[in-house]
Amino acid sequence: ADSDFGNTYGPDSWTLVTTGNQSSVTINDEGTELVIEGPLDEQFGPGGGVGFAKACQPARARLSVTFDWYYDLSTSWPNTGSFADPAFYINDEVIHLSATTLWGNQNQSGTKTIVVEQGDEFGWGVESYVVGGLGNAVLTISNFTTEVLPSQDPCQDEQRIVTFTASDDC
């Protein structure tokens with residue numbers, strides 16, 4: 001099992017994507033936290049106010065992924081709340097970490113375990129729909145661990161080659 005953002009899933013292995021105003025994705029020097037600051041977009045109306053920040057990468061095997069998350073809205077007011085995110089992504093499909101019905105500055109946290117299949121692209125992100133400069137949010141991921149699970153497809157499991165040698169010397 002890998003822990004934190006080191007070894008197999010170290011800082012250089014993540015694809016970091018940011019759009020919008022003042023968004024960022026960083027991994028601290030100790031490799032213990034991934035911090036995603038969502039965009040502070042300042043446009044209202046059609047085509048404006050949409051941006052995101054995310055970190056993602058493909059799973060190298062079938063994995064159990066466990067992590068703690070903390071969604072901080074306290075630095076900005078007013079805020080659009082958790083319906084815009086935080087989220088865990090598998091192949092760009094959203095898996096919400098929090099209740100999506102909250103509105104306003106309600107900090108949230110939790111622990112999540114999710115299974116991802118080999119080749120799935122997984123990661124985290126914060127998205128801004130129509131913030132209009134009203135504030136952004138920060139998603140912190142810590143205690144990140146992965147554990148390799150047996151494949152559900154026997155053709156994908158690790159293959160072992162065994163060589164037998166015959167001899168007449170009994």
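Good morning. In this predicted model, confidence is lowest in strand β1 (residues 2-3), with a mean of 68, and highest in β11, at 91. The score here is pLDDT, the predictor's confidence in each residue on a scale from 0 to 100. The protein averages a pLDDT of 75, and 64% of the residues score at least 70. Where pLDDT is low, the predicted coordinates should not be read in detail.

Two remarks on conventions. Residues are numbered from 1 along each chain as its sequence is written, and side-chain values use heavy atoms, with hydrogens and water left out. Local features need pLDDT of at least 70, side-chain atom pairs count only at pLDDT 80 or more, and totals for chains, interfaces and linings use all residues.

I begin with the overall architecture. The protein has eleven strands and zero helices; these are DSSP runs numbered from the N terminus, with strands (E) of at least two residues and helices (H or I) of at least four. Of the contacts with a separation of 6 or more, 74% are between residues 24 or more positions apart, a contact being heavy atoms within 4.5 Å. Buried residues make up 42% of the 170 residues; buried means under 20% relative accessible area, exposed over 50%, and partly exposed in between, with a 1.4 Å probe and protein chains only. The accessible surface comes to about 9,400 Å², and carbon and sulfur atoms hold 49% of that surface. Areas come from the Shrake-Rupley method with a 1.4 Å probe; for residues, only the protein chains shown count as cover.

Next, the interior. In soluble globular proteins, nonpolar side chains tend to be buried together. Here the largest nonpolar core has 28 residues, and Phe-88, Phe-122 and Trp-124 have the most contacts inside it. Such a core is a set of buried Ala, Val, Leu, Ile, Met, Phe, Trp, Tyr and Cys residues joined through side-chain atoms within 4.5 Å. Elements giving two or more residues to this core include β3 (24-27), β4 (33-37) and β11 (138-148), while β6 gives the most, with five residues. Leaving aside residues up to four places away in sequence, Phe-88 touches, among others, Val-65, Phe-67, Ile-114, Phe-122 and Trp-124.

I turn now to charged pairs. How many salt bridges does a search of the whole structure find? The search finds two, where a salt bridge is a side-chain nitrogen of Lys or Arg within 4 Å of a carboxyl oxygen of Asp or Glu.

One of them joins the side chains of Lys-54 and Asp-92 at 2.8 Å, N to O. Lys-54 is in strand β5 and Asp-92 in the loop between β7 (87-90) and β8 (93-96), so this pair links distant parts of the chain, 38 residues apart. Lys-54 counts as buried, at 14% relative accessibility.

The other joins Glu-117 and Arg-62 at 3.0 Å, N to O. Glu-117 lies in the loop between β9 (108-116) and β10 (121-128), and Arg-62 in the loop between β5 and β6, so the pair ties together parts 55 residues apart in sequence.

Finally, the surroundings of Arg-62. The Arg-62 side chain also reaches the backbone oxygen of Pro-150 at 3.0 Å. Beyond residues up to four places away in sequence, Arg-62 touches residues including Val-115, Gln-118, Glu-147, Leu-149 and Ser-151. Thank you.

Conventions. Polar contact = N/O pair within 3.5 Å; in protein donor to acceptor, adjacent residues only side chain to side chain.
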